[in-house]
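Please look over the sequence and the model first.

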Amino acid sequence: MSFSQRTKKDISLEKINENQYAYELSSYVKLSGYIRIFQQKLYTVFDVDNNIQAKRIYNIIKKIYDFSPTIEIKNNNKFTKNKIYRVLVDDETTTEKILKNEEKLGENIYDFYDKMNEDDLKTFLKVSFLLNGSITDPKRGYYVEFVFESKEISDVVFKIMDNFNLQPKKFIRKKNYIIYLKDSDEISDFLSLISAYKALLELQNVKAMKELRNNINRQTNCDKANIDRTVNASLKQISAIEKLKKNDLFKNLPDELKNVAEIRIENPYISIEDLGKLTNPTMSKAKINYRLQKLIKLSEEI
């Protein structure tokens with residue numbers, strides 16, 4: 001099971017907020033429901049892609065209308081193994097109640113949006129993700145995507161995400177309307193909004209591990225760069241000292257310079273700070289560096 005599928009499963013198994021029964025059912029109606037006429041009777045139909053969502057719709061209808069829908073399993077098409085789970089309200093009275101509730105909440109998607117409070121917005125966003133969304137495993141990257149055939153619904157979902165400061169982006173792909181998030185902090189906020197707490201925890205754990213590895217790599221690179229600088233500087237200093245000796249100028253140098261030079265020759269790979277600890281009396285990093293730079297300058301004058 002993919003990370004996206006696990007996330008949807010965890011959300012679908014969450015306890016339904018009693019105050020959100022009507023809005024959650026209406027969200028399913030707007031996103032996956034339709035009316036079917038059979039033998040001159042009206043039936044309500046919901047098509048979803050997994051049995052957990054089908055059971056959730058079943059439980060909501062059972063709770064609100066005290067009616068038990070039928071759940072059917074159908075093949076999507078002959079080219080794929082995916083199945084469609086169909087929740088069928090094959091009772092005209094219950095269907096009429098559902099339609100009446102839709103009329104009260106707003107038959108038009110924009111009217112429906114205008115009547116939503118903050119919890120309603122979260123509910124619609126959650127159902128939109130369950131039916132039309134996907135999320136990349138955070139180990140591979142940070143990406144949430146919604147795919148809609150309806151421009152109107154995509155506009156509403158975009159507005160909801162924008163209302164929660166998620167900074168969504170959108171584009172069109174093969175006549176579908178795509179909304180997406182790529183920032184890890186925005187995706188974390190999004191998962192919190194739709195109550196996907198297990199996925200949120202996993203994303204934060206992965207993010208923390210990535211940041212830890214990056215910090216270790218940065219420190220390692222920094223240490224390596226410091227070592228390289230120390231070695232290169234030491235080689236330059238030793239070369240200058242040897243040049244002074246070769247040209248018989250070393251013996252005429254002040255004792256303070258000769259002392260530092262001999263210590264550097266004996267300890268070619270330690271830092272300037274550590275060199276200062278080997279002098280008697282000990283000297284500061286600045287003083288050691290001044291004397292070494294003096295030796296280099298003298299060698300360059302030859």
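In which sense do strand β1 and strand β2 pair, and over how many bridges? The model is a predicted one. In it, β1 (residues 33-38) and β2 (residues 41-48) pair in the antiparallel sense, over six bridges.

**The hairpin**
- Strands β1 and β2 form a hairpin with two residues between them.
- In the turn, Q39 has a positive phi of about 55°.
- F38 stands opposite K41, a residue of β2.

- L99 belongs to helix α4, which covers residues 92-105.

**Helix α1**
- Helix α1 covers residues 3-12, and its buried residues are F3, S4, T7, K8, I11 and S12.
- In an α-helix, residues three or four places apart point the same way.
- The buried residues of α1 pack against helices α3 (51-65), α6 (118-132), α8 (184-193) and α9 (197-246), and against strand β5 (133-135).

**Nonpolar cores**
- The largest nonpolar core has 56 residues, and F146, F190 and L191 have the most contacts inside it.
- Helix α6 gives the largest share of this core, seven residues.
- Leaving aside neighbours within four places in sequence, F190 is in contact with L125, F129, V144, F146, L166 and L181.
- A second, separate core has 14 residues, including L257, A261, I263 and L275.
- In soluble globular proteins, nonpolar side chains tend to be buried together.

Definitions and conventions
Residues numbered from 1 in each chain as written. Predicted model: local features only at pLDDT ≥ 70, side-chain atom pairs only at ≥ 80, totals over all residues. Heavy atoms only, no water. Buried < 20%, exposed > 50% of the residue type's maximum accessible area, 1.4 Å probe, protein only. Helix = DSSP H or I, 4+ residues; strand = E, 2+ residues; numbered from the N terminus. Contact = heavy atoms within 4.5 Å. Pairing = 2+ DSSP bridges. Core = buried A, V, L, I, M, F, W, Y, C linked by side-chain atoms within 4.5 Å.
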